[in-house]
Amino acid sequence: MNAAVLDHSHAHGTPRASTAPGHGTGGPASKRIIVGYGFWIFLISDIIMFSAFFAAYAVLAPATADGPSARQIFDPTSVAVETACLLLSSFTCGMASVAAGQRNQKWTQLALLVTGLLGFVFLLLEAREFSGLVARGDGPTRSAFLSAFFTLVGCHGLHVTAGLLWLGTMMAQIYAKGFRRDIQHRYFCFTLFWHALDIIWVAIFGLVYLVGLNL
Amino acid sequence: MSTPADFEPGSSPEGDSAPGYESETREGVRAAIRGYLIGLVLATALTAASFWAASTHFIYGPGVPIALVVLAVAQMGIHLVFFLHITTSPDNTNNVLALAFGVLIVFVLVFGTVWAMANMNANMMPPMG
């Protein structure tokens, strides 16, 4: 590398006037902002992975191979209860964030417990639906439609399971270690994860279940 | 105001905000709870509208999936604003740009796949014999 290039790169390093953190001479942003931003990028990549499963489902939904169609296997009541569970759990997760912002141990734990219970009810309903389908011989091997359906909805269910394990870990860590900075960063990422799961479920209940019931 | 030892700002004046960041002052608690409540009410209303649109004969049949897509996108927007606190303010520029890029990729992936596969289906040779 010659001197001219070095000079050139040096010119680009000239700081801007702003003294706010993360800008110009203000130094790096706080760790919390950097952790949050990094996890935000992970969540967006996770959503892109889900969009591939959505695309596969959209293409394969008519390929029922003389098996049952979406309309015949979906139960609107069960989907409505699952949706209510996840939406309420997203709200109670927000309440836990408010309590954690106040370093209030009791309310944080209580709101997290309700969040976890709602998530658990959601998983039970989904497990009941899946086991019912498999018992009737309409498992993922029955048709391309059912393969795509089980992959998409099952992947979301796996995310909720992972979220529940994470939630339990956070409850234990907040209880044992208090609102330490590193614990707050983990907890903060967990709330982003849980809210993102609900956003993906909005797409699943609207575009998979309700559209499927209409076809 | 005394600052707790573990205090670390999730936002700074003229700086950047972490996604999901909300005010942590005492006065901010009421506003934060109100924000989540507004989000919950709007999301519930849109969910109810989706279930209504799927079961009613009020909407022209082939238009129902389009109505459901519009309602789902609207509800995802509500979740982003009221639960994940993604806003249009300058301190959220980084978060919004990352999201916009993600939305672009999702759009290309889903519509590209559906478009290409529908085209290939249309060009399939009819079954022989």
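Residues count as buried under 20% relative accessible area, as exposed over 50%, and as partly exposed in between, with a 1.4 Å probe and protein chains only. By this scale Asp182(A), at 30% relative accessibility, is partly exposed.

The structure is a predicted model, in which local features need pLDDT of at least 70, side-chain atom pairs count only at pLDDT 80 or more, and totals for chains, interfaces and linings use all residues. Residues are numbered from 1 along each chain as its sequence is written, chains are lettered from A and ligands numbered from 1 in the order in which they are written, and side-chain values use heavy atoms, with hydrogens and water left out.

## Chain A as a whole

The secondary structure of chain A consists of seven helices and zero strands, where helices (H or I, at least four residues) and strands (E, at least two) are DSSP runs numbered from the N terminus. Along the sequence this gives the pattern α-α-α-α-α-α-α.

The radius of gyration of chain A is 23 Å, whereas a compact globule of 215 residues would have a value near 17 Å. That radius is taken over C-alpha atoms, and the globule rule is 2.2 Å times the number of residues to the power 0.38. Along the principal axes, the C-alpha atoms of chain A fill a box of roughly 70 × 55 × 25 Å. Of the 215 residues of chain A, 52% count as buried.

A contact is defined by heavy atoms within 4.5 Å. Among contacts in chain A between residues at least 6 apart in sequence, 75% join residues at least 24 apart.

## The interface of chain A and chain B

Chain A contributes 52 residues to the contact and chain B contributes 57 residues. The size of an interface is often given as the accessible area lost when the parts come together. Here the area buried between chain A and chain B is about 4,600 Å², with 73% given by carbon and sulfur atoms; buried area is the accessible area (1.4 Å probe) that two parts lose on being put together, summed over both.

Three residue pairs, both residues at pLDDT 80 or more, are in polar contact across the interface of chain A and chain B. A polar contact is a pair of N or O atoms within 3.5 Å; within protein, one must be able to donate a hydrogen and the other to accept it, and residues adjacent in sequence count only if both atoms are side-chain atoms.

On the side of chain A that touches chain B, the elements giving two or more residues are helix 2 (31-60), helix 4 (76-101) and helix 7 (181-214) of chain A. Helix 7 gives the most to this side, with 16 residues. By class, the side of chain A that touches chain B has 31 nonpolar, 16 polar and five charged residues. Nonpolar here covers Ala, Val, Leu, Ile, Met, Phe, Trp, Tyr, Cys and Pro, charged covers Asp, Glu, Lys and Arg, and the others, Gly among them, are polar.

## Salt bridges

Side chains of opposite charge can pair when their charged atoms come close. A salt bridge is a side-chain nitrogen of Lys or Arg within 4 Å of a carboxyl oxygen of Asp or Glu.

| Salt bridge | N to O distance |
|---|---|
| Arg180(A) and Asp182(A) | 2.8 Å |
| Asp182(A) and Arg186(A) | 3.8 Å |

Asp182(A) and Arg186(A) are four residues apart in helix 7 of chain A, so about one helical turn separates them. Arg186(A) is partly exposed, with a relative accessible area of 35%. Salt bridges with shared partners join Arg180(A), Asp182(A) and Arg186(A) into one network. Arg180(A) is likewise partly exposed, at a relative accessible area of 40%.

## Individual residues

Phe149(A) is located in helix 6 (residues 144-177) of chain A and is buried, with a relative accessible area of 0%. Beyond residues up to four places away in sequence, Phe149(A) touches residues including Tyr57(A), Phe74(A), Leu133(A) and Val208(A).

Thr64(A) belongs to the loop between helix 2 and helix 3 (70-73) of chain A. Thr64(A) is buried, with a relative accessible area of 16%, and touches Ser69(A), Arg142(A), Ser143(A) and Phe145(A), not counting residues up to four places away in sequence.

In chain B, Gly112(B) lies in helix 3 (residues 93-122) and is partly exposed, with a relative accessible area of 31%.
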